[in-house]
Amino acid sequence: MCNVVAYPHVSPIDDVESLKSFSAVDIEKDLISTQTWTAKNRKGPKTLLCHDMCGGYKDDRFVNGTNNPDYFNFYHWAQIDTFVYFSHHLVTIPPVMWTNLAHRNGVLSLGTFITEWEEGAVKCGEMFGSPEAALHTAKQLTEIARTYNFDGWLVNIENKLTAEQVDNMQVFLQSLTMYMREVNKHSSVLWYDAVTTEGKLVWQNRVSDLNVTFMECCNGIFLNYTWEEWHLQLSSELCEHRKEDVYTGIDVWARGCLGKFETCLSTDRISQLGLSTAIFAPGWCYEQNSGDFTQFLRDTNKFWGMLESTCVPFTNPVQLPYKTYFNYGAGRRWFEEGELEEEERRWFNLTKQDAPFVSFTKDAVSICWDDAWEGSTCLEINTEGEIPDRLIYLPVVGGSKITLTCKLLGGSVVENIVLSSGETTEIVGVCVVEELEGGWVSLECDVPDDISFTWIGLRVSGGEGSRVRVGQISVK
């Protein structure tokens with residue numbers, strides 16, 4: 001249920017006339033992302049997440065969020081490079097909280113431009129009936145992206161085109177790609193594998209002579225999901241020098257491909273050939289659980305954990321000083337400096353999420369929704385379970401001081417901090433420097449100047465039922 005905190009919200013565009021007449025002066029400032037950011041500099045194949053869930057524009061459309069902490073949440077940002085907000089409206093504009101959060105994590109945020117079936121063919125006649133109309137459409141989509149401060153478009157044409165419209169579609173793609181790059185140095189325009197250069201609606205499931213022309217007009221192609229091994233091989237061969245621009249689709253609902261908890265088998269096949277991956281509708285983890293939020297968290301952590309070897313976590317080095325409270329953009333209670341301030345504070349706003357990437361591949365690690373140092377959530381570690389040394393992805397260059405704010409329950413002890421980078425692992429001792437309010441303690445360790453790291457882990461011990469809660473990490 002969506003309980004609105006504040007009214008301003010982002011809306012899609014459904015008709016051609018509204019697209020043609022779009023003007024930035026009509027847009028409220030609250031609807032525009034203002035997050036400053038630097039895009040990831042990952043080399044090689046990338047991962048794209050295409051978020052298609054319940055038609056879109058639910059609790060996430062409201063700028064100031066809602067009172068529903070059990071709405072869909074995504075926090076595995078280090079594993080993806082591009083986020084696409086998808087729906088079946090003509091022009092899908094990403095809600096501001098998604099663009100804010102994507103940019104905070106160095107991830108591109110794209111909208112969707114889609115036409116479908118008979119109605120789509122009519123719209124294409126209006127938008128691509130002449131080169132001039134195609135140019136105007138490209139300019140308007142660029143202006144929308146510039147206004148809302150997101151980074152480009154997935155272009156999805158799922159209807160037949162005339163020969164003239166095919167030619168004008170190429171003009172449109174080239175112009176949109178050029179216009180977007182003029183206003184955004186990180187921009188990306190991707191073509192979806194559906195209609196062909198013959199104007200027929202025939203999904204290729206690979207890069208072929210019937211769609212490569214469209215790909216060459218923009219930054220890449222998003223392949224349909226019903227591919228087989230030979231499709232991937234041919235795509236790899238045809239795009240030998242642009243492999244990373246071929247985003248191979250996987251439908252997480254497993255409609256015509258290996259999906260659900262077998263998605264990792266699909267990503268493995270894709271990565272072996274050096275192609276990029278497009279994961280469609282990972283909201284499956286949420287929708288299949290019919291409101292059981294706790295099970296959703298288990299399933300989404302399991303799903304993304306199974307992908308860690310192919311959708312490898314990566315972020316740029318963090319800027320120091322760095323601090324996180326492990327807030328996940330939602331909560332049911334509110335804490336300040338370890339003290340409970342509000343017993344009942346239900347909220348959802350992804351713009352508030354500040355958590356770094358955490359590896360939830362082991363059941364001993366979870367999000368605690370009942371306690372926090374600052375905010376509504378923290379990280380909880382069961383000392384009886386297996387704890388990965390590579391627990392928190394936090395790339396830091398050079399010497400630093402790490403401070404942890406922890407709650408030690410049931411006689412638990414944090415013995416050491418484990419710092420990992422590549423094949424190198426360093427174990428660093430910690431000391432308690434201060435006992436804080438609410439049973440929390442402050443732990444510190446000094447990292448030598450010659451040690452850079454990408455992962456932080458904890459070596460903990462304790463008796464039956466003992467746990468460690470991590471409410472804050474700061475690095476300076």
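1. Helices (H or I, at least four residues) and strands (E, at least two) are DSSP runs, numbered from the N terminus.

2. A word on the basis of these notes: this is a predicted model, where local features need pLDDT of at least 70 and side-chain atom pairs count only at pLDDT 80 or more, while totals for chains, interfaces and linings use all residues. Residues are numbered from 1 along each chain as its sequence is written, and side-chain values use heavy atoms, with hydrogens and water left out.

3. The structure holds 21 salt bridges. In one of them, lysine 407 pairs with aspartate 371, again with 2.8 Å between the closest N and O atoms. Lysine 407 sits in strand β20 and aspartate 371 in the loop between β16 and β17, 36 residues apart. Both of these residues are buried.

4. Glutamate 444 and lysine 401 also form a salt bridge, with closest N and O atoms 3.8 Å apart. It joins strand β24 to strand β20 across 43 residues. Glutamate 444 is partly exposed at 23% relative accessible area, and lysine 401 is partly exposed at 27%. Elsewhere, shared partners join Asp371, Glu380, Lys407, Arg467 and Arg469 into one network of salt bridges.

5. Now for the nonpolar side. The largest nonpolar core has 141 residues, and Phe113, Ile144, Trp153, Phe172 and Ile402 have the most contacts inside it. Such a core is a set of buried Ala, Val, Leu, Ile, Met, Phe, Trp, Tyr and Cys residues joined through side-chain atoms within 4.5 Å. Beyond its neighbours within four places in sequence, isoleucine 402 is in contact (heavy atoms within 4.5 Å) with residues including Ile417, Leu443, Glu444 and Phe453.

6. Finally, have a look at glycine 410, in the loop between β20 and β21. Glycine 410 is exposed, with a relative accessible area of 56%. Leaving out residues up to four places away in sequence, glycine 410 touches Gly463 and Ser466.

Note on methods:
Buried < 20%, exposed > 50% of the residue type's maximum accessible area, 1.4 Å probe, protein only. Salt bridge = Lys/Arg side-chain N within 4 Å of Asp/Glu carboxyl O.
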